[in-house]
Amino acid sequence: MAIFRESRMKLTPILLGGAMVLSGLGTAFGQETRVHFINCGDDQGGGNAVHTRLIAEWEAANPGYKVDREFVPWGQCQEKSTTLASAGDAPALAYMGSRTLKQLSANDLIVAIDMTDEEKATYADPVLGTITANGQVWGAPIAFSTKALYWNKDLFAEAGLDPESPPTTWDEWLAAATAINENTDANGMGIAAASFDNTMHQFMNYVYTNGGEVINSDGEIVFNSPNNVEALKMYAALAEVAQPGPIAYDRGKLRPLFIEGQIGMMISGPWERRLIGDVNWGVAPIPVGPQGGPGTLLITDSLAVFKGTGVEEQALSLTKWLTSPDNQLEFELASGLTPLRDLPGVQAIRDEDPTWNAFLDAIATGGPEPFVTDYVGLQDAINEAIQSVILGEASAEDAIADAADLLEDYK
Amino acid sequence: MAANVKKTDYFPYLLLVPALIVTLLIVAWPVVETIRLSFTDASLKLTENYVGLENYEKMFARKFPETIFRTFYWMGVSVSLKMIIGIAGAALLNAAVPGRNLFRVLVMPPWIVPIAIGVFIWSWMYNGQFGMISGLLQRFGLIAEPMEFLAFRNSAFFSTIVTDVWIGTPLVTIYLLAAMQGVRPDLLEAAWVDGAGRFYRFRRITLPLIMPAVATMSLLSAIWTFNSFDIIWILTEGGPRDATTTMIIDTYKTAISRFKYGEGSARAVMIVLFLTLFAGFYFLMISRIAKKEVGND
């Protein structure tokens, strides 16, 4: 007992001293306020190196604030940020698909981004459309993509078509796909119709090249239109000359078919240029429908600033810093993303690689992802319409009308 | 007199308290909270309002009865196949054949392989362009062109069942094999001496004796299959056109994908109700089996 008492007497000052040291350290660390930044993907790639440097510069200019960048895989990223926010433990800022911004703002989870007219003027109008709801800007675009039509020149030649002349209208497009289907061992077109978000994305390219819309600028659902019925009929007609069973394919699964020469054409983004390897390919604007003009779906991802974190001001400052024109362009070039703004540096990219033109020219006439408060509901309704027509279980007219009815609940 | 009155011993109850607290925290509280949420409009908003039965009304107005029927159909077919193949497999593995132990090991991989990896392998096999199944069917002249098994309602529905059966059968087989090994050999030998054939012995001796194990495994398998999420989600995400949307998939889509926590909770409550019924049956059956065994003793 005496030994125990003696050791306890020695232990007490040690514990007290330790506690004081720890408390001092805690105070020292406590001076740095955490700015929690959820970033989708991993910490690899040139773009992230740019961001790492930019964040270090921002921290130097904002003493007392430490950016805690958390990388979350794409599949769970948006869900994680949204769930944290709804549970009252939101990140300061997060990388989000711009399509979610209206839902987040309607639920009072994010703050509006105060953009000056000068800042807004640096973006093309359709790009601004991807982040604006109820007259306010809810996110700062950080990543951007447009779509174009890839074609296999060898299959065009084999089918008796001019390999240097991609289709420019829907009639030419269907004729070319049919010719490939009939005159080669390949299928004419790659069509995605799986229960995935990019099925709806693919279809929106048809909607926008035929003058259609899902929701107009007044927030009304205008999906039930002759333009969209025609677009769905075209989608179904191309599915007839596409790879068998398009409902089993999302857009990503079309790439191997294109690489293997099993499909003559597919619609996709600029990243495919690095991935489709030895195929003798070309890329052109998406063919134009009978009632429309040039168009494409514009998809942006944005940095969103969440409410109630206590560091909203700093998160806004960091957001603006990362997405300022020069910093954003440096990030895009390092990441291989489509440039968001038409800056002088972009012309150099076009000159160096003319295949960028099909993607960059489409920006001015592109349309945004429909901005609604229940994006997944919208996506399911449109995918359901596409699948019902491809399976021959509904007419395009009925499918579009049914989807339009459902969309009223999601706007 | 007073000396004869036994004092209640509270100590055993005290020992149960930690387990009770844990159970209340991780089982009871979430269930109660789910039931509460099912009567609210809980969503991404930080506030929620009481909406009465609105979530339940919405749920039944929109295809939910179809989803319930589909869930039971999916579960019924899958569990039946698992039990039939499991009983046949267990009987074969119980037979005195050379290399029996090796076969017993070989039956396990579908159950040992992580589910996601197994399901991805199946998704490749179901592919029409590169998949093995379509390729073999074409080679044997059974189909003229590539068949995408996940692209059509019926084929997608049964493809998900085949994968579920592939993953779930090994456990059923091993469980029933253990039950078969508990059958007294002298009963089978006596029947053999009396001239009973192999199938007759199986049907009249083995099967009745392992019936409690068959019933138990059927119920457990039904509960697991009812709750099966990953197989369908990875293969089809519930498509095409909801052909593979079971109650658990529908609940996930509503509550997690669309952040409609109130409506999702109403669906979850329905699942809890059905699973409570299964569990009730299970405990009833276990108690009857136990009583029967006590009677036999």
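**Exercise 1. How far apart do the C-alpha centres of domain 1 and domain 2 of chain A lie?**

*Solution.* Start with the distance: the two centres are 29 Å apart. Next, the bounds: domain 1 of chain A covers 30-145 + 300-367, and domain 2 covers 148-295 + 372-407. Such bounds come from an automatic or database domain assignment.

A quick note before going on: this is a predicted model, where local features need pLDDT of at least 70, side-chain atom pairs count only at pLDDT 80 or more, and totals for chains, interfaces and linings use all residues. Residues are numbered from 1 along each chain as its sequence is written, with chains lettered from A and ligands numbered from 1 in the order in which they are written.

**Exercise 2. Which helix gives the most to the side of domain 1 of chain A that touches domain 2 of chain A?**

*Solution.* First, the contacts: 17 residues of domain 1 of chain A meet 17 residues of domain 2 of chain A, counting C-beta atoms, placed from the backbone, within 7 Å. Then look at helices (DSSP runs of H or I, at least four residues). H4 (101-106) and H16 (357-360) of chain A each supply at least two residues of that side of domain 1. H4(A) gives the most, with 3 residues.

**Exercise 3. Which strands pair with strand E9 of chain A?**

*Solution.* Strands are DSSP runs of E, at least two residues, and they pair if DSSP finds at least two bridges between them. One partner is E7 (residues 148-152) of chain A, antiparallel over 4 bridges; here A:Ala148 stands opposite A:Ser268. Another is E8 (residues 187-189) of chain A, parallel with 2 bridges, where A:Asn187 partners A:Ile263.

Terms used:
Contact = placed C-beta atoms within 7 Å.
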